[in-house]
Amino acid sequence: METIFSEQHRLRDAKTEFFGGELIAPHEKPSRAEYVLERIKKRQLGPVSDPQDFGLDPIHTIHDAGFVNFLQTIWGEWTTAGFKGEAMPTALPVRRMAQTCPNFVEGKLGFYANSVETSLTQGTWQAAYASAQVALTGAARLQAGAPGVFSLCRPPGHHAFADSYGGFCFLNNAAIAAQSLLDQGAARVAILDVDFHHGNGTQDIFYNREDVLFVSLHGDPLETFPYFLGHADETGKGAGEGYNLNIPMPAGTPFRIWRDALRVGLEKVRNFGADALIISLGVDTFENDPISFFKLKSDDFLTMGGDIAKLGLPTQFVMEGGYDVDEIGVNAVNVLEGFEQ
Ligand code: SP5
Ligand code: ZN
């Protein structure tokens with residue numbers, strides 16, 4: 001399987017993440033992508049290619065123009081204001097407050113944030129832009145007839161909404177790829193999100209739509225991030241009713257149970273009649289993941305890839321989370337090898 005990868009991911013190298021009331025070294029760090037790449041080479045998975053540059057237009061098919069402009073300009077405004085640390089909001093527009101974007105940088109951060117652990121830094125926009133191009137290039141490979149492709153995206157994307165960032169995500173790579181497949185002639189695209197965390201951004205982007213099915217298997221949001229979306233009763237709205245499926249699961253869920261949920265999700269995808277499948281591939285379901293609570297083992301990721309392959313759909317894997325850096329390469333590449341076996 002071909003991998004699409006950009007060295008520009010390194011430009012996202014935050015010093016801080018807000019965690020447990022402290023500013024810690026981020027879980028989402030450059031070595032994540034390097035370990036996956038190293039494993040791809042060791043296993044000789046296939047060629048590794050640079051992305052093409054499709055520009056901003058395909059990003060604007062998903063994201064709000066004001067939000068994209070915010071991501072591009074925020075670091076300059078933050079440093080001009082004289083702040084010393086990385087950019088984070090201090091006030092958020094929650095229930096009954098005005099939903100108006102303020103003029104001052106600190107207010108803009110609150111307006112466009114959906115969670116506050118994720119700092120904005122110099123280089124974040126450039127890395128997020130490159131990550132979106134990695135996703136778009138993968139989609140182009142499917143369009144050209146590839147049965148499978150791996151977009152080794154970093155930073156990840158599934159917590160990015162049309163107009164907000166958070167959860168280590170800035171641009172929704174999987175959503176941007178899905179829309180580009182539709183714009184190139186696909187009638188229906190399914191997104192199956194196997195990251196430990198609910199893909200809140202992806203769900204919201206397509207919630208009213210019948211041309212994109214979103215299925216997510218994740219930790220119960222009553223117990224874990226992103227907390228405010230991902231419940232089983234969220235099934236879509238309007239024309240999108242019935243095109244969103246959430247399968248939340250409790251702490252300690254082992255692969256045996258998780259695989260039953262996968263079977264349900266894959267059946268939903270099969271009945272939908274998708275022309276293409278995008279997998280939001282997080283491997284933070286791993287038993288040793290530092291911020292998650294499922295119990296998948298490394299071999300289970302091979303089985304997962306094999307189960308996905310049985311659908312027989314052109315499939316684009318888009319990298320999302322996974323924070324046990326020592327094993328992220330083995331686990332992610334196991335899914336891809338399982339798919340190809
Ligand atoms: C792409 C992705 O996987 N994003 C995840 C973002 C999670 N951010 C919030 C983490 C809060 C972790 N709390 C962990 C408690 C551990 N006992
Ligand atoms: Zn995750």
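A residue counts as buried if 20 or more other C-beta atoms, placed from the backbone, lie within 10 Å of its own, as exposed if 12 or fewer do, and as partly exposed in between. The structure is a predicted model, in which local features need pLDDT of at least 70 and side-chain atom pairs count only at pLDDT 80 or more, while totals for chains, interfaces and linings use all residues. Residues are numbered from 1 along each chain as its sequence is written, and chains are lettered from A and ligands numbered from 1 in the order in which they are written.

The protein holds 10 helices and 10 strands; these are DSSP runs, helices being H or I of at least four residues and strands E of at least two, numbered from the N terminus. Its radius of gyration, taken over C-alpha atoms, is 18 Å, close to the 20 Å that the globule rule (2.2 Å times the number of residues to the power 0.38) gives for 341 residues, so the protein is as compact as a globular protein of that length. The C-alpha atoms fill a box of roughly 55 × 45 × 40 Å along the principal axes.

Now for the sheet. Eight strands form an open sheet with parallel pairing, in the order β4-β1-β5-β10-β9-β6-β7-β8; two strands pair if DSSP finds at least two bridges between them. Strands β4 (48-49) and β8 are at the edges with a single partner strand each, so one side of each has no neighbour in the sheet.

In β7, 8 of the 8 residues are buried, so the strand is largely enclosed by the rest of the structure. Strand β6 (residues 189-193) pairs with β7 in the parallel sense over 5 bridges, with alanine 190 partnered by leucine 213 of β7. Together with helix α7 (residues 200-206), β6 and β7 make a right-handed β-α-β unit: with the strands pointing away from the viewer, the path from the first strand over the helix to the second runs clockwise. Strand β8 (residues 244-249) also runs parallel to β7, joined to it by 6 bridges. Here phenylalanine 214 stands opposite asparagine 244, and glycine 219 faces methionine 249.

Finally, the ligand. Around ligand 1 there are 14 residues (C-beta atom, placed from the backbone, within 6 Å), of which Pro156, Gly167, Phe225, Ile291 and Gly321 come nearest.
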